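Could you walk me through this structure in the viewer, one selection at a time? I'm new to it and would like to know what to click on and what I'll find there.

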Amino acid sequence: MKILLDPLLFWFPNDSNKENNLAYLNKVTLIIEKYFDIKYISSKCFINALYKLNKEPFTTTSKAQNDMRSLIIKRLMSNLDYPNNLPILDCELFDLTGDFNVTINDELNKHFAQVVNYLLSSNASCLLMLSPSNFNSKLKSKHQLFVVKNISGEIDSKITELISNNHFLKDKLEIPTLANPLPFSDLCDGFYSLQKDMCKKEDSIVVFWKITREVALRNKYSYDQNVTSKNNSDNRKRKIYTYNKNHYISADFESGCFELCDHRGKHQGEISYTGDELSSRDKNGEHDINI
């Protein structure tokens with residue numbers, strides 16, 4: 001598994017919000033470095049673009065943001081997949097027209113299209129990380145090229161599949177505990193914003209089900225069909241996830257969050273998608289679950 005970056009992640013257009021673009025690129029590289037044992041596809045063109053990013057004077061950028069940029073480049077350069085000569089195939093280029101935004105650098109755009117074409121032709125397994133300006137693109141995963149739009153807020157993401165199946169993850173990552181039930185919170189901080197947008201178009205219960213599932217799987221929980229069946233009724237619907245039966249998180253379909261319960265099913269509080277406590281333990285037992 002490799003990673004390919006949308007050029008707009010690191011080659012910012014003149015009229016773009018460079019501060020936001022840089023912050024998102026920082027987030028992507030931090031998450032990849034923290035969780036995944038996979039490398040970025042390297043090429044001479046890509047390395048030249050990184051040098052350009054390092055040298056470009058952002059006149060409105062603070063020292064802190066300049067320092068961030070240097071750290072981003074260091075992360076990328078230390079995790080490149082060498083050697084950097086890809087066997088680019090000489091055939092019809094991948095279509096980047098339509099609703100897909102490209103850079104003002106024609107050489108970089110052509111190179112990106114050639115790399116994507118090579119990946120599709122060779123069935124090489126790769127994550128294509130899109131820039132915020134392409135989150136709304138209709139570009140879809142094809143063959144072994146998996147499109148990732150928002151790394152911390154996307155439904156049915158390849159990121160979720162990799163984590164839930166323990167593929168390409170680094171060793172000795174944190175595990176969910178009762179004290180820290182959602183340890184991968186930085187992979188889930190975009191879901192409330194996504195939930196708000198989705199609820200404008202879909203039934204809220206359907207939206208809550210989709211998003212709570214995504215958050216649970218991203219934090220290494222598994223769906224517990226048996227416990228879920230014991231706790232569903234005509235008046236109350238739940239979907240319950242567990243981490244090795246040590247504790248449980250129950251999807252709240254009324255407000256879009258989780259009820260946290262211990263190994264006995266005793267309620268410990270209500271938590272957000274990033275693990276923050278929203279309300280304290282219900283001592284009356286109304287939020288307890290049957291195990």
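Select Asp288 and Lys266: their side chains meet in a salt bridge, 3.7 Å from N to O. Asp288 sits in the segment after strand 11 (277-279) and Lys266 in the loop between strand 9 (257-262) and strand 10 (267-271), so this pair ties together parts that are 22 residues apart in sequence. Asp288 is partly exposed, at 21% relative accessibility. Lys266 is partly exposed too, with 35%. Keep in mind as you click around that this is a predicted model.

**Stop two: helix 1 and its partners**

Pick Lys27 and Asp189, whose closest N and O atoms are 2.6 Å apart in a salt bridge. Lys27 belongs to helix 1 (residues 18-35), while Asp189 is in the loop between helix 5 (158-164) and helix 6 (191-198), so the pair ties together parts 162 residues apart in sequence. Colour them by accessibility and you get 23% for Lys27, which is partly exposed, and 42% for Asp189, also partly exposed.

Glu33 is in helix 1 and Arg75 is in helix 3 (residues 63-78), so parts 42 residues apart in sequence are tied together here. Are these two residues buried or partly exposed? Glu33 is partly exposed at 38% relative accessibility, whereas Arg75 is buried at 13%.

Next, zoom in on strand 1 (residues 2-5) and strand 4 (residues 126-129), which pair in the parallel sense over four bridges. If you show side chains here, you'll find Leu4 standing opposite Leu128 in strand 4.

**Stop four: a buried lysine**

Click on Lys158, which lies in helix 5. Lys158 counts as buried, at 13% relative accessibility. What does its side chain meet? There is a polar contact with the side chain of Glu161, at 2.8 Å. Leaving aside residues up to four places away in sequence, Lys158 touches Met1, Leu127 and Phe146.

**Stop five: helix 7**

For the last stop, select residues 204-218. This is helix 7, with 15 residues, reaching 21 Å from its first C-alpha to its last, close to the 21 Å expected at 1.5 Å a residue. At its start, a side-chain oxygen of Asp203 reaches to within 3.1 Å of the backbone nitrogen of Ile205.

Highlight the buried residues of this helix, among them Val207, Phe208, Ile211, Val215 and Leu217. An α-helix has 3.6 residues a turn, so residues three or four places apart point the same way. Then show what covers the buried residues of helix 7: the cover includes helix 5, helix 6, strand 7 (240-242), strand 8 (247-252) and strand 9.

Note on methods: Residues numbered from 1 in each chain as written. Predicted model: local features only at pLDDT ≥ 70, side-chain atom pairs only at ≥ 80, totals over all residues. Heavy atoms only, no water. Salt bridge = Lys/Arg side-chain N within 4 Å of Asp/Glu carboxyl O. Helix = DSSP H or I, 4+ residues; strand = E, 2+ residues; numbered from the N terminus. Buried < 20%, exposed > 50% of the residue type's maximum accessible area, 1.4 Å probe, protein only. Pairing = 2+ DSSP bridges. Expected span 1.5 Å × (residues − 1). Contact = heavy atoms within 4.5 Å. Polar contact = N/O pair within 3.5 Å; in protein donor to acceptor, adjacent residues only side chain to side chain.
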